[in-house]
Amino acid sequence: MQFVHRFVGDLGATMAAGGIVIGDRLGLYKALAGSPAKPEELAEKTGTAPRYVEEWLRGQAAGGYVEFDPATGTYSLTEEQAFALTNPDGPIFAPGAFQLALGSLRASQRVESAFRTGEGIGWHEHDDDVFAGCERFFRPGYSAHLVAEWIPALDGVEEKLRRGARVADVGCGHGASTALMAQAFPSSDFTGSDLHAGSIDQARKRTAGVRFEVAGAQTFGGGPYDLVTTFDALHDMGDPLGAARHVLSQLTPDGTWLIVEPAAGSTVGDNLNPVGRVYYSFSAFLCVPSALSQEGGYSLGAQAGEEPIRRLVTDAGFTRFRRAAETPFNIAYEARP
């Protein structure tokens with residue numbers, strides 16, 4: 001029965017994911033954050049149908065994402081719920097994570113076939129919600145930690161950036177990480193690159209004053225750079241050793257490679273926890289198929305951990321490697337020539 005209870009909880013969470021994305025897109029959470037409301041009142045505020053909103057609210061309340069007051073028949077958000085559900089620029093934004101998850105699951109038939117054949121699935125072959133959800137999932141963590149913690153943890157890098165340095169953000173996606181750094185360090189020069197042309201198109205539209213180019217981690221140019229960054233991208237590459245060697249070739253002699261990867265322990269057993277479950281599951285649908293679709297045909301996976309990354313970096317020719325900072329979801333590594 002304990003397992004049955006787990007299954008029922010997971011089934012409810014799976015179905016609730018769609019409701020969370022709908023609540024974000026229709027503005028239901030934001031409207032409810034202002035004041036408690038009955039279903040018809042919330043529907044009027046958001047221009048939606050009352051009967052649908054009523055059922056949505058009941059499911060949200062059952063899952064703990066919305067509060068229900070039986071005495072008044074009203075629904076509301078606690079401060080904590082509103083914090084995580086209504087601000088896409090805050091330090092945590094749950095709807096972005098669920099958007100990424102739903103987008104990933106739309107490839108389930110392709111992934112099933114890949115399990116049988118061992119073939120890869122290119123990043124560009126996924127649903128658009130994967131690209132948008134990926135940014136909305138990771139950007140809050142970057143907003144909270146990139147400029148405030150990760151860069152200051154690197155040896156001498158923050159001072160270089162303030163004076164004026166050359167930076168390549170490799171695998172930048174929609175450019176959220178690139179934009180955060182460019183805003184914080186206006187004296188420095190930033191170039192973002194990604195293999196996915198659609199993401200680069202979005203990055204160019206969203207961020208002025210930054211160069212963006214379609215290029216892989218083994219082919220980006222423009223060096224030498226004082227800093228190269230890869231954010232949650234190394235484990236998606238089919239030839240991570242080749243990428244590491246190319247990064248080294250593009251760095252100045254005293255340059256730095258900032259590698260931010262999903263938080264992971266050193267063994268599988270260390271990762272059998274809620275965070276590991278999230279990353280292993282995403283990895284099976286996104287990261288491993290993406291890496292296996294590329295030249296090289298090798299996949300680190302999203303839970304590689306520190307030692308495989310250390311070996312890869314040192315095998316590429318870097319002489320210094322250390323864990324510089326960490327959060328519950330990410331670990332930031334520093335590699336130097």
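Hi everyone, and thanks for coming. Keep in mind as we go that we are looking at a prediction.

Let's start inside. In soluble globular proteins, nonpolar side chains tend to be buried together. Here, the largest nonpolar core has 37 residues. Which of them touch the most other members? They are Leu146, Trp150, Leu161, Phe190, Phe231 and Leu258. Helix α8, residues 128-150, gives this core its largest share, seven residues. There is also a second, separate core of 28 residues, with Tyr225, Leu234, Ala243 and Val313 among them.

Let's zoom in on leucine 161. What does leucine 161 contact, once we leave aside neighbours within four places in sequence? The list is Ile151, Val167, Phe185, Ser187, Ser188, Phe190 and Leu227.

Now back to α8, this time with a partner. Two packed helices are described by the angle between their axes and the distance between the axes. For α6, residues 94-105, and α8, the axes come within 7 Å and cross at roughly 155°. Angles over 145 degrees count as roughly antiparallel, so α6 is roughly antiparallel to α8. The crossing of these two helices is left-handed.

Who meets whom there? From α6 we have Gly96, Ala97, Gln99, Leu100, Gly103 and Ser104. Across from them, α8 brings Asp129, Val130, Ala132, Gly133, Cys134, Arg136 and Phe137. Sorted by type, the residues of this contact are six nonpolar, five polar and two charged.

Next stop, helix α10, residues 176-184. Why do we call α10 largely enclosed by the rest of the structure? Because seven of its nine residues are buried. Those buried residues are Ala176, Ser177, Thr178, Ala179, Leu180, Met181 and Ala182. And what covers them? The cover includes α8 once again, together with the strands β3 (166-170), β4 (189-194), β5 (211-214) and β6 (225-231).

Let's finish with phenylalanine 83, which sits in helix α5, residues 79-85. Its relative accessible area is 46%, so phenylalanine 83 counts as partly exposed; the cut-off for exposed is over 50%. Not counting residues up to four places away in sequence, phenylalanine 83 touches Pro91 and Ile92. Phenylalanine 93 lies ten residues from phenylalanine 83 along the chain, and their C-alpha atoms are separated by 7.9 Å.

Definitions and conventions:
Residues are numbered from 1 along each chain as its sequence is written. This is a predicted model: local features need pLDDT of at least 70, side-chain atom pairs count only at pLDDT 80 or more; totals for chains, interfaces and linings use all residues. Side-chain values use heavy atoms; hydrogens and water are left out. A nonpolar core is a set of buried Ala, Val, Leu, Ile, Met, Phe, Trp, Tyr and Cys residues joined through side-chain atoms within 4.5 Å. Buried means under 20% relative accessible area, exposed over 50%, partly exposed in between (1.4 Å probe, protein chains only). Helices (H or I, at least four residues) and strands (E, at least two) are DSSP runs, numbered from the N terminus. Contact means heavy atoms within 4.5 Å. Axes are lines fitted to C-alpha atoms, for helices over the stretch in contact, and angles run from 0 to 180 degrees between N-to-C directions. Angles under 35 degrees count as roughly parallel, over 145 as roughly antiparallel, 65 to 115 as roughly perpendicular and the rest as oblique. A crossing is left-handed if the near helix is turned anticlockwise from the far one by less than a right angle, and right-handed if clockwise. Ala, Val, Leu, Ile, Met, Phe, Trp, Tyr, Cys and Pro count as nonpolar, Asp, Glu, Lys and Arg as charged, and the others, Gly among them, as polar.
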